[in-house]
Structure formats: structure tokens, C-alpha cells
Amino acid sequence: MAEVITHSLFSEFDINLFKAGKHYRLYEKFGSHPITLNEVKGTYFAVWAPGAKQVSVIGDFNFWKDGEHLLDVRWDGSGIWEGFIPNVEKGNLYKYKIHSNHNDIITEKADPYARRCEHPPNTASVVWEDDYKWKDKSWLQKRKKNNSLKAPYSVYEVHLSSWKKKTEENRSLSYWELATELVSYVKEMGFTHVEFMPIMEYPYDPSWGYQITGYFAPTSRFGYPDEFKFLVDKLHENDIGVILDWVPSHFPEDSHGLGYFDGTHLYEHPDPKRGYHPDWKSLIFNYSRNEVRAFLISNALYWLEQFHIDGLRVDAVASILYLDYSREEGEWEPNEYGENKNLEAISFLEELNKEVYASFPDVQTIAEESTAYSGVSKPVFLGGLGFGMKWMMGWMHDTLQYFSKEPIYRKHHQNNITFSLTYTFTENFMLPLSHDEVVYGKHSILGRMPGDEWQRFANLRLLYGYMFTHPGTKLLFQGCEFGQSEEWNFQNSLDWHLLDYAPHKGIQEVIKALNEFYRSEPALYENQFVPDGFEWIDYNDAENSVISFIRKGNEPKDNLIIVCNLTPIPRENYRVGLPKKGVLKEVFNSDKKKFYGSGKYINKSIKTTEHKWHSRNYSTIIDIPPLAMVAFKYST
């Protein structure tokens, strides 16, 4: 038998914290760590397997032989197996061979804390470390301001495999290539942040990354972990923040993954009513187990600390919160109070957010939460879950439903486009047009727009204009920014050739302009989460399908007048009530020729008159282009 030297990175304090679920830097202890022990180079291994009677490290250094390198189990009841193996070094492949006390089951598992994994479909872990030298000090110093809830926050959601491909080589871009091509593109478009769909290692491409097996490893599909750090660094160098999709809601049943790890339900809840997800055919974490909570919170902090990530978008929060999520009667059991809330999971999310903001107060956590659960983005000390923001799913569904209707019918559905303002300020909402809205037969966003070609593109420009002037931060999925015609296909590159055509180029130009407009006008972001930032002028003109409102900054001079014409009929000599007298100048018009608009209805300098309208003492006459958003500002 080969030599395994007894050694530990755990102190007694570490063990106590781990058992209590309060150790939030477990990646410093668990996993594989190349070290030098007594002047001998090798690797220290540590894995949690309390149901095991024997654990050995198998790998390319011992011909994958079971029992060749046996780990020692700690004496303290922690269930941790550990040991130092000489001459195992960075780049070696390995797994854990676990003999269970439960029915003599034998499992062969990848390391839950591995920092690098083999390229799928291979499934081994890789001993890894890097000494990447970060160059983003300037970004980190101003991140608090750039990540603030009072700052412009416009997110470009990216699926790395399909954003752009080297078609001649039939492959996606590498982290290294993305650090040039993606970074320059996002900067040109004016987005403040990118959000990567899950980049943690996953075995199955059609899962888009949402079925994770390597929680601590950037997927090897695009390169090494330090190359992913380089991509993050380059984004920061160009003042672009990085958000990662993070999935603490479920994990796949793949044999090398977390499921049934040591022959017992270690990471997943043992009751199928709580531990199995019927929609995704996956396993659900046991949020009542201290060690599992510590694993997940450590993982969140790992990406923030080791990869300088600026935010985590937490996937499928509704499925975490509710015991009856996607379950029929009889398929779930209520909590101790007879309710459907998962109390342990709620406690976990509160603890997660408290620890994230305590350790990294200048980042954001963002909840993808689709229900009316109260206080998702309120601090924990005020009774909330503690997220920084929440996706505004109601706005997304209502708005897309409205815009999919022929304009002639829109006057009957005015409430669809205005209803969001009745609850906009109950949470810190992000307005998402995400990947979920362009798959599974829903069509692309452009594909939902009615009318002839010109009207479809005008509708899309209007939708984006309304989105960027509506209170809340913004998120747009790749391809939406130039009017991708077809549904998103994760196997194919975006249809970049569409930019050879004027209508699509016009959509791209309007997104550039809207991002610039959003960033340059304080009224659009300073009060984006509070009622002080918004005031209706008129939401009742259903007959003309026109809405008008004021966006307010901290200074009255920054206020904007927004008017949207939701039909293809130009509204000439349209009277709008105004808060004060003065001269208005047009500061945005989605119907400009450079956006592939008509360019026929450009408002020059406009004087107000003392003419009561919309319950206001002052008003003016404007021309509203067809299917367009126009914005005005008082001249100083």
C-alpha cells in the first residue's frame, strides 16, 4: 500500500464551526491542496463522508486502484477523511472511492471542493492551484459606487457556449478569447455588468449549466481557472461588473456528483418530498443540515473572494422557499405550523445574505423569485430575505403579453402596461428579459412583435425604451440587443450576420443609446427603487394607447418627461400636462433614422403654456412618433 501521511489543515475551532454550520471558508480546508510537508512536496486531501467505513484517493498517480491511498478518518465525529499523499501534484487526476457503512454501497465521486475538473464528458477532479496576480485594484476601489442601488445597473446576460463560436473550428470561444471579444463588445454596447449563466462545472450541455457537479470549479470547456480570472480582470479593467448565476436550489443525480455521496443522503434531503425535484429530475439540498449550509455559503463566498465576482444571481429561489413548489396535493408535507414555507431554507437564505454582505458589502445578491413572497430584497433585520434585488417577473410577463398584441387591441389592455407601477416599489426590482423568455416555443423577443417588418422593429425599440425608463435595474439576454430573429439555441452561435441588415443594426444602436441615456441621466437611476423617483402624468389614455410619466432625480433639474405611443398611428399635436412652466428639449427619441425609425417626428425646443391639462397648471403640445418612446427635459 502506498504511503499516506497523517496530516490536517483543520483546527478544533474549524471542526466546531463546521459542525455548527458556521464555517464559511471551507474551501481553505476541504478538497485537494498542494503543499510541502517535512520538505516533501505532495497534496493534502480532505473530504466529508460520515457514512463511510473506508475512503481512498484513486487517480492517475496510482492507476485508479481502490485502497492504494487510504485516508484517515478524524476522531472527533466530524465525518472528515484526510491525509497527505507525497508526490501528487498540480494537474494530477483523482476521485474518492468511498465504501459505505450503509448496505456496503461503494461510490466513486468527484471532489465536491475541486478547483478544476476534467473536460466533460470526463468526470475526474484535477489537483489545482494558481497564483494569479489580479490587476483590478482600481475597479475594487470604486465597486461600491458602481454596484450601488443608486447607480445605473444594466446587465448583459451571456451563455458562454453560444454567444459566439469559431464556426470554422466548430467550437466556442475560450476564456482568453472572450477577454478580448466579449469585453470589447460589452463596453461598446454600454452595459455596466455582464451576467454569466452558470460557469461552475456541469456534465450536461442541454442543462445550460444549471445542473452543477463542480461547485468550486469554472467549467473546463473554455480553459483553466486562472484564464477565467483573466476574463473577470479584463471586464473590471473596462469598468464592467461580473455577476454569476448561482444554483443552491438543486443538483443532478450523476454518479460522480453530490448525490448519495457516501452511500447515504448526505447533501440531499432524505425525504423525496423535500429532496427530489420532479420538474428537473434533480436532488434538493438539505437546508436543515449544518454542514450542507456551510458548504453552500462557503461556495458563494469562494466566487466572491477568489474570483472577485461582483454579484450572485440566485437561481430558482421560489423552488427553495416553498415546500409545495411544483407539487400536487399529497406530494408535499406542511411545516410545523401547517404552512407551505420551507423554514429551514428561508433561514439558509437569510444566513447566506447576511454573510455575503458582511464579508463583501459592495457586491449584490439578486433573487430570481417568481412569487409574491414579501420582503425578498429587504434586509434580514427588517424581516426580509436580505437580497439586494429581485427579478420583476410580473413586469416581464405583463409587458411581453401586452407587446405581443396587435396595436388595435391594446386600448383594451392598458392595465397590462401600467399595472407594474402599483407594486414597483415593494421590492428592489430588476427588469429582466432573460434567456427563459426566448426558448421552448416562446419565440425570440422580436418574434413576439406584431405587424409588418417596420412595425415589428419599431415595437421592439419601443419596448426597450419603455424598459429603460421604467423604474428598476435592467437585464437583457444576448441577442436581444440586436433583434435575434430565431429562438435561442444553446448549440449555435448568435446570428451575428443579422447586423448586416439595417433593422437589426438599428436595434443595436438603440440599445447603445439607451444604455448611454440610462447612465447619463440621474433621474433614471438615483431613485430607481423608491416612490420619489416616479410620478404618473397620465395612464388613462387607453383610446390612444399613450402613457406619460415623470422620472425624478435628486435634483429637480434632472427630471425627465417620458411619453410612449403604443400604436403605429403618429400622435401629432398631442397635449401633455406638465409640472411647471419652462422650455422642454427632446433628449431621446426611439424613432430616429439611425435606429431604423421614420425620423419624421422630431420635437424642437418646446415652450410650455399656462393651459391646464392632466390636472396640472401647465402643458404643451408635442408630436409623438408611431410606436415610439420620446423623452424630454427642461432646459436650464
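1. Let's start with Glu 39, which sits in the loop joining β1 (31–37) and β2 (40–48). Keep in mind throughout that this is a predicted model. Glu 39 isn't a glycine, yet its phi is positive, at about 65°. Most residues other than glycine have a negative phi.

2. The other backbone spot to look at is a proline pair. The bond running from Pro 120 to Pro 121 is cis, and its omega is near 10°. Most peptide bonds are trans. You'll find Pro 121 in the loop between β7 (106–109) and β8 (125–126).

3. Now for the pockets. How much space lies in the largest pocket? About 760 Å³. Its lining takes in 32 residues, and those nearest the centre are Trp 208, Trp 280, Asp 315, Asp 436 and Tyr 440. Two elements, α8 (317–321) and α10 (393–403), each give two or more residues to this lining. Sorted by class, the lining of the largest pocket has 16 nonpolar residues, eight polar ones and eight charged ones.

4. The second largest pocket comes in at about 330 Å³. Here 16 residues form the lining, and Ser 161, Lys 165, Ser 172, Asp 205 and Arg 221 lie nearest the centre.

5. On to helix packing. Two packed helices are described by the angle between their axes and the distance between the axes. For α13 (residues 453–469) and α14 (residues 502–520), the angle is about 15° and the axes are 10 Å apart. Why call α13 roughly parallel to α14? Because angles under 35 degrees count that way, that angle makes α13 roughly parallel to α14. The crossing of the two is right-handed.

6. Who makes that contact? On the α13 side, look for Glu 453, Phe 457, Leu 460, Arg 461, Tyr 464, Gly 465, Phe 468 and Thr 469. Facing them from α14 are Pro 503, His 504, Ile 507, Val 510, Ile 511, Leu 514, Asn 515, Phe 517 and Tyr 518. The contact of α13 with α14 counts 11 nonpolar residues, four polar and two charged.

7. Helix α13 also packs with α10, at an angle of about 150° and with the axes 11 Å apart. Angles over 145 degrees count as roughly antiparallel, so α10 is roughly antiparallel to α13. This crossing is right-handed too. From α10, the contact uses Trp 395, Thr 399, Leu 400 and Phe 403. From α13 come Asn 459, Leu 462, Leu 463, Tyr 466 and Met 467. How many charged residues does the contact of α10 with α13 have? None: the classes are seven nonpolar and two polar, with no charged residues.

8. One link is worth a look on screen. Helix α10 gives residues to the lining of the largest pocket, and α10 also packs with α13.

Definitions and conventions: Residues numbered from 1 in each chain as written. Predicted model: local features only at pLDDT ≥ 70, side-chain atom pairs only at ≥ 80, totals over all residues. Heavy atoms only, no water. 1 Å grid on protein atoms, 1.4 Å probe; cavity = no way out; pocket = protein on both sides within 12 Å on 5 of 7 lines; lining within 4 Å. Points joined across faces, edges and corners; volume = space filled by probe spheres on them. Helix = DSSP H or I, 4+ residues; strand = E, 2+ residues; numbered from the N terminus. Nonpolar A, V, L, I, M, F, W, Y, C, P; charged D, E, K, R; others polar. Axes fitted to C-alpha atoms, helices over the stretch in contact; angles between N-to-C directions. Parallel < 35°, antiparallel > 145°, perpendicular 65-115°, else oblique. Left-handed = near helix turned anticlockwise from the far one by under 90°. Contact = heavy atoms within 4.5 Å.
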